[in-house]
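Subject: A structure for you to look at

Hi there,

I am passing a structure on to you, and you will find it just below. After that come my notes on what turned up when I went through it.

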Amino acid sequence: MMRHVRLCGALAMLAATVPLTASAQSGGRTDGPEESEYGKGGYSGPGGRSVSLQLDWGAAINSRKPPRGAPSGPPLFVGATLSLWGADWYQLDVSGAYVFDGGRFVGMVGPRFRTWGWPLVFTAGLKAGAIVIPEGEGLRFGISPQLGAEILLGDRENILMALNYTPDIPIGGGGVTHRLGMSVGYKF
């Protein structure tokens, strides 16, 4: 038990010092007519919008035992998220995930908000959509609040790495699935 406490403490200290050790970015050029510059020191692109694609995976624990006859598997999930960036602080996410223990499929859409910071930001979001529970439970409408932390890497800050906690809450029964996962993605 103490080994886990020490590991969590070391990870928390590392996460707290990452923004302090970040070096300053080098300046860039802003040639051309007004509002046409791209890159460091300029604008992020036409309208400031971009799209990112992420691969998600991690642990998934159901609050109740899956129905009899449902697929049995490890307490893991795998999925993907497509995000439309309206600004640096706002995204619209479309995500899908498959939970191996119980065979659930989760398809959600909703906003995610980001704090200011470099390279570490914190995120919070609320998605709504469909949760498919096999073996008699069927299709349910559900909500999925999300909390997480994200790091942007690379010269153009286009590589994303994130840790997220997401409870999938089906309306009308079926039990909550708690997902704790990691995401790796690319911002186009």
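To begin with, how many salt bridges does the count come to? Taking a salt bridge as a side-chain nitrogen of Lys or Arg within 4 Å of a carboxyl oxygen of Asp or Glu, the count comes to 5 salt bridges. Please keep in mind that this is a predicted model.

Let me start with Asp93 and Arg112, whose side chains meet in a salt bridge at 2.7 Å, N to O. Because Asp93 sits in strand E3 (residues 90–99) and Arg112 in strand E4 (residues 104–114), this pair ties together parts that are 19 residues apart in sequence. Both Asp93 and Arg112 are buried. The two strands themselves, E3 and E4, pair in the antiparallel sense over 10 bridges. Within that pairing, the residue of E4 that stands opposite Asp93 is Gly110.

Next come Glu150 and Arg114, with a salt bridge between their side chains at 2.1 Å, N to O. This one links distant parts of the chain: Glu150 belongs to strand E6 (residues 138–153) and Arg114 to strand E4, 36 residues apart. Are these two residues buried or exposed? Glu150 has a relative accessible area of 1%, so it is buried. Arg114 has a relative accessibility of 9% and therefore counts as buried too; the cut-off for buried is under 20%.

Asp93, Arg112, Arg114, Lys127 and Glu150 are linked in a network of salt bridges.

A further salt bridge is formed by the side chains of Arg179 and Asp168, at 2.7 Å, N to O. Since Arg179 lies in strand E8 (residues 177–187) and Asp168 in strand E7 (residues 159–170), the pair ties together parts 11 residues apart in sequence. Arg179 and Asp168 are buried as well.

Now for the overall fold. In what order do the strands close into a barrel? There are 8 strands in it, and the order is E1-E2-E3-E4-E5-E6-E7-E8, with antiparallel pairing. From one strand to the next, the twist averages 25°.

Leu180 is in strand E8, and its relative accessibility of 54% is why it counts as exposed. Leaving aside residues up to four places away in sequence, Leu180 touches Gly58, Ala59, Phe77, Asn164 and Tyr165. Of these, Phe77 is 103 residues from Leu180 in sequence, with 9.1 Å between their C-alpha atoms.

Leu163 is in strand E7 and is exposed, with a relative accessible area of 54%. With residues up to four places away in sequence again set aside, Leu163 touches Leu147, Gly148, Ala149, Gly181 and Met182. The C-alpha atoms of Leu163 and Asp56 are separated by 9.4 Å, while the two residues are 107 residues apart along the chain.

Last, a word on confidence. The protein averages a pLDDT of 80, and 73% of the residues score at least 70. Over residues 17–25 the pLDDT is below 50, and this stretch has 10 contacts in the model beyond near neighbours in sequence.

Technical notes: Residues numbered from 1 in each chain as written. Heavy atoms only, no water. Helix = DSSP H or I, 4+ residues; strand = E, 2+ residues; numbered from the N terminus. Buried < 20%, exposed > 50% of the residue type's maximum accessible area, 1.4 Å probe, protein only. Pairing = 2+ DSSP bridges. Axes fitted to C-alpha atoms, helices over the stretch in contact; angles between N-to-C directions. pLDDT = per-residue confidence, 0-100. Contact = heavy atoms within 4.5 Å.
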